[in-house]
Amino acid sequence: MSQEGWLTAEEAKTTRKTDIGPPHYGDFLPPVIKKNYGKWSHHEVLDGGSMVHVGDSGDKAYTVRAASPRILSTETIYKMLDVADKYCDGYIRWTTRNNVEFITTDEKNIKKIKDALKEFNYPTGGIGDRISNPVHTQGWVHCHSACTDASGVVKAIMDDVFEYFNDKTLPAKVRLAVACCVNMCGAVHCSDIAVVAVHRKVPTIDHDLVKNACETPTTIGSCPTRAISPDPAKKSVKINAEKCMYCGNCFTVCPPIDIHNPENDGVAIMVGGKIGSLRTGPKFSKLAIPFIKNEPPRWDTAVKAVRNILDTYAKNAMKHERVGEWIERIGWERFFSLTGIEFTHQHIDDFTFMRDTLRTSAAFKF
């Protein structure tokens, strides 16, 4: 403190607390991670649900990974925190794909953590050449523009392919994702296999409500393709069907423009995306199945489609080969042939700037 009782500039920097921006991640790292930060020698996968990182110093950090449904109750979080308090000195982390990781320096704690999680039915897995916990969006539970459920689709898919999460290995790791609309809060653009929900009809407009409930300039400005324009005769707006991409942004700012259509909403299946740069660079996901109708509560057709792609990949890919790398090696023609997926006109990229995605070689791979 200065003589006048005020903090000096240096003191203020070290003591001031603010709600602007997130706290520094370093404040939450376990001591073993802090000590060996950037100085790791290697890591080993012990089993489907655990691994160990070994530092240059010889220190070991054991990780137990469990799945979570993303949308968690406070009761469940408290149970997980109790496990972390008991075996991990209170340290716990959630990954970007909604896995829960418990880090300990004592190898004996691995079984204790797994047993504790098993008591309230939380499975461990997703480490190594397996399916990680899917990342997904809100779906019908919360999102106002959703074309499908998210939690329900994830639950149905993981019930079917759970063996690849816990025990059975794949040629390489597989990342799943589900997005409940094309605004895509989920990572479907960069996942090995992804489900993205789609609207297929131009929104309907309740003109009487639009003129009383919506701000016309904001509504027009919400459309990314400029498909919306004023309709002075009705004191409302109109939509150019040829320009509409069914994104639902207009519904967000003007609810009388309703994008939902239970008969025509559904999901598409994307494949081949990845974030990592190991062996090959990052890849965008590409369309495999244009549309599957919503079939709640178990989405049987969509689940079978994901399972078919996964099993075909597991049978035909080489070791360490991601889904997108496998497809590029054998060719898309062979991918459609092996999986039995029908090739339709929706698979042809007709976007304005699609020349970057066109295959200019005359070579075909069958």
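Reader: What is the order of the strands in the open sheet with mixed pairing?

Author: The order is β6-β7-β8-β13-β14, an open sheet of 5 strands. Before we go on, this is a predicted model, in which local features need pLDDT of at least 70, side-chain atom pairs count only at pLDDT 80 or more, and totals for chains, interfaces and linings use all residues. Residues are numbered from 1 along each chain as its sequence is written, and side-chain values use heavy atoms, with hydrogens and water left out.

Reader: What makes β6 and β14 edge strands?

Author: Each of them, β6 (135–136) and β14 (286–293), pairs on one side only. Helices (H or I, at least four residues) and strands (E, at least two) are DSSP runs, numbered from the N terminus.

Reader: How do you know that β7 and β8 pair?

Author: Two strands pair if DSSP finds at least two bridges between them. Strand β7 (residues 176–179) and strand β8 (residues 193–198) have 4 bridges, in the parallel sense, so they qualify as a pair. Within this pair, L176 stands opposite I193 in β8.

Reader: Which strands does α5 lie across?

Author: Helix α5 lies across β6, β7 and β8, and runs at about 150° to β7. Angles run from 0 to 180 degrees between N-to-C directions, and axes are lines fitted to C-alpha atoms, for helices over the stretch in contact.

Reader: Why is α5 called oblique to α10?

Author: Helix α5 (residues 151–161) and helix α10 (residues 300–316) pack at an angle of about 40°, with their axes 9 Å apart. That angle makes α5 oblique to α10: under 35 degrees counts as roughly parallel, over 145 as roughly antiparallel, 65 to 115 as roughly perpendicular and the rest as oblique. The crossing of these two helices is right-handed, the term for a near helix turned clockwise from the far one by less than a right angle (anticlockwise is left-handed).

Reader: Which residues of α5 and α10 meet?

Author: From α5 come A156, I157, D160 and V161, and from α10 come V303, V306, R307 and L310; contact means heavy atoms within 4.5 Å. By class, the contact of α5 with α10 has 6 nonpolar, no polar and 2 charged residues. Here Ala, Val, Leu, Ile, Met, Phe, Trp, Tyr, Cys and Pro count as nonpolar, Asp, Glu, Lys and Arg as charged, and the others, Gly among them, as polar.

Reader: Why are α10 and α11 described as roughly perpendicular?

Author: Helix α10 packs with helix α11 (residues 323–330) at an angle of about 70°, their axes 11 Å apart, and the two are therefore roughly perpendicular to each other. Their crossing is left-handed. In this contact, T312, Y313 and N316 of α10 face V323, W326 and R329 of α11, which gives 3 nonpolar, 2 polar and 1 charged residues.

Reader: How do you know that C214 and C254 form a disulfide?

Author: Their sulfur atoms are 1.9 Å apart, and a disulfide is a pair of cysteine sulfur atoms within 2.5 Å, so the pair meets the definition. The link is right-handed, with 85° about the S-S bond. It joins distant parts of the chain, 40 residues apart: C214 is in the loop between α7 (207–213) and α8 (216–221), and C254 is in the loop between α9 (249–253) and β12 (257–258). A search of the whole structure finds 1 disulfide.
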